[in-house]
Amino acid sequence: MTQNNNGQFPPGFLWGAATAAYQVEGAASEDGRKDSIWDTFARVPGAVANGDNGDVACDHYHRLDEDVALMQSLNLASYRFSTSWARIRPDGGAVNPAGLDFYSRLTDKLLDAGIKPWLTLYHWDLPQALQDAGGWANRDTAYRFAEYALSVHDVLGDRVQAWTTLNEPWCSAYVGYASGEHAPGLQDRSQAVAANHHLLLAHGLAAQELRARDAALELGLTLNFTVADPLDPQNPDDVDAARRIDGQFNRVFADPVFRGQYPEDVLADLAPYGLQGHIRDGDLAAISTPIDFLGVNYYHGEAVTKTEPAVAITTAAPSARPTASPYPAADGVYTVPRGLPVTNMGWEIQPEGLHRLLMRLQREYTGPAGVKLYITENGAAFDDDEVVDGVVRDEDRLGFIEAHLAAVQQAAADGVDVRGYFAWSLMDNFEWAWGYAKRFGIVHVDYATQQRTPKASGRWFAEVARANELPERSSGAGSHVVSS
Ligand code: GBH
């Protein structure tokens, strides 16, 4: 990339931090909430590291005042959170007003503090009752989602402007139904492919209804993107491996949303699992309802090959993983370490990949559609999160965020319409299959006392947010993670 050293972000760039309901709220059976698929999954022996669950998590449900004050102390202009379907429609059907009231109070407190609420309707916690009826493999769940979206809008529509339908439908479909590392823990490729389509449909139906009712809302979808490079760009098999991963992770979602059609190669790759059979007249029109922004979650890049490697890397869960990809369109594809530095998740640190991704999205998808980009998640787990004399010296995380912010700033300088960045995460929390064993927060949480302590990365982030620019790189911090 070309050098751009002034470090400034565009005027009005939105600085925030993100969480998700099941990962922080706790209060799992209060005020009428019932089980979601994550409550059920966490009870399966071996499903979550150390038998952890989200019953208490960060107890955010009972600490709104403290946590909103924390956000203020970090100079956050926005807070990205998700609403829990299982609080709001505990059986998937009737509305529970007490569940909605929690988000109404949160919204008021945020607005009083001058913090923009950035609401996501689904971050993986389907009501168990709907899973019992087939979950995302059942088309009906998409219609239930649109009803749920409207019931949230009924109460918050007057105060919340930014609405995101789904967080990372790829994870819901494929980690939930194909690899089985996430709830509902199934390994059934046909169900995963059905879930893929029905999640897109859920997004589309909700988008249509919300748009019809509220012309002023900012509407979007958050996707996780995988930047996959062929291990050997000269090897046609490796090039095809990268094509398949790009199709299975990225284009299978972005193409229907922005172009109103599934890519031909992905339709062919997924044909054995029945994708075509789920698509009905009108579905793609709903799915391609115009949106205002695309949320981008970016964590890592990867190199892929079709030659079986000596070492397998672990990803979503602590359990031993199959060596080849469990994802239907990626049979026989392997991810191999390239020797780049890794986070505590084993994910290779590749900030340059974020710059490349943003350039590509702008060129191929969002630019032509006039859609804004936001980084809705970026961050890292590291194992240096001890509080010593009230301080957490997480230089690794600070360097990770700094390098990725530099990539975002460069993309903006190169003409990408990127409008904001949310750190993942506001605080350490329940990291899905890893439970509390992995810490992503820019604020440390002592789970025994629920004490919050901003880490060095959090204090630094607060300064960047205040100044709307990256400071001069201080000696050494982060220099070891810059790969471009
Ligand atoms: C996000 O998803 C979640 O939205 C958030 O809740 C979570 O806490 C956070 O990340 C940290 O994990 O090696 O082919 O299996 C994670 C997105 C996308 C990252 C897939 C790992 C592995 C690809 N994930 N990626 S693969």
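Helices and strands here are DSSP runs, numbered from the N terminus. With that in hand, let's walk through this predicted model, beginning with strand β10 (residues 372-377), which holds Glu-377.

**The annotated pair**

An unreviewed UniProt entry lists Glu-168 and Glu-377 under "active site". The two are spread over 210 residues of sequence, yet they cluster in space, with a largest C-alpha distance of 10.5 Å. Glu-168 sits in the loop between β4 (162-167) and α8 (169-177). Here is how the pair compares with the buried cut-off of under 20% relative accessible area:

| Residue | Relative accessible area | State |
|---|---|---|
| Glu-168 | 5% | buried |
| Glu-377 | 3% | buried |

Beyond its sequence neighbours, Glu-168 touches Glu-377, and its other contacts include Trp-124, Asn-297 and Tyr-299. Around Glu-377 you will find, among others, Arg-80, His-123, Phe-422 and Trp-424. The side chains of Glu-377 and Arg-80 are joined by a polar contact of 2.9 Å.

**A buried aspartate**

Asp-238 belongs to helix α10 (residues 236-259). Asp-238 is buried but has no salt bridge, and the nearest oppositely charged side chain, Lys-306, is 7.8 Å away. Its side chain does make a polar contact of 2.9 Å with that of Thr-305. Other residues touching Asp-238 include Pro-230, Leu-231 and Val-304.

The chain averages a pLDDT of 94, and 94% of the residues score at least 70. Over residues 475-484, however, pLDDT is below 50, and over residues 316-322 it stays under 50. Where pLDDT is low, the predicted coordinates should not be read in detail. The model scores ipTM 0.94 and pTM 0.95.

Note on methods. Residues numbered from 1 in each chain as written. Predicted model: local features only at pLDDT ≥ 70, side-chain atom pairs only at ≥ 80, totals over all residues. Heavy atoms only, no water. pLDDT = per-residue confidence, 0-100. Contact = heavy atoms within 4.5 Å. Helix = DSSP H or I, 4+ residues; strand = E, 2+ residues; numbered from the N terminus. Buried < 20%, exposed > 50% of the residue type's maximum accessible area, 1.4 Å probe, protein only. Lys, Arg positive; Asp, Glu negative; His and termini not counted. Salt bridge = Lys/Arg side-chain N within 4 Å of Asp/Glu carboxyl O. Polar contact = N/O pair within 3.5 Å; in protein donor to acceptor, adjacent residues only side chain to side chain. UniProt positions renumbered as here; feature names shortened; annotations may be inferred. Lists of a residue's contacts leave out its neighbours within four places in sequence.
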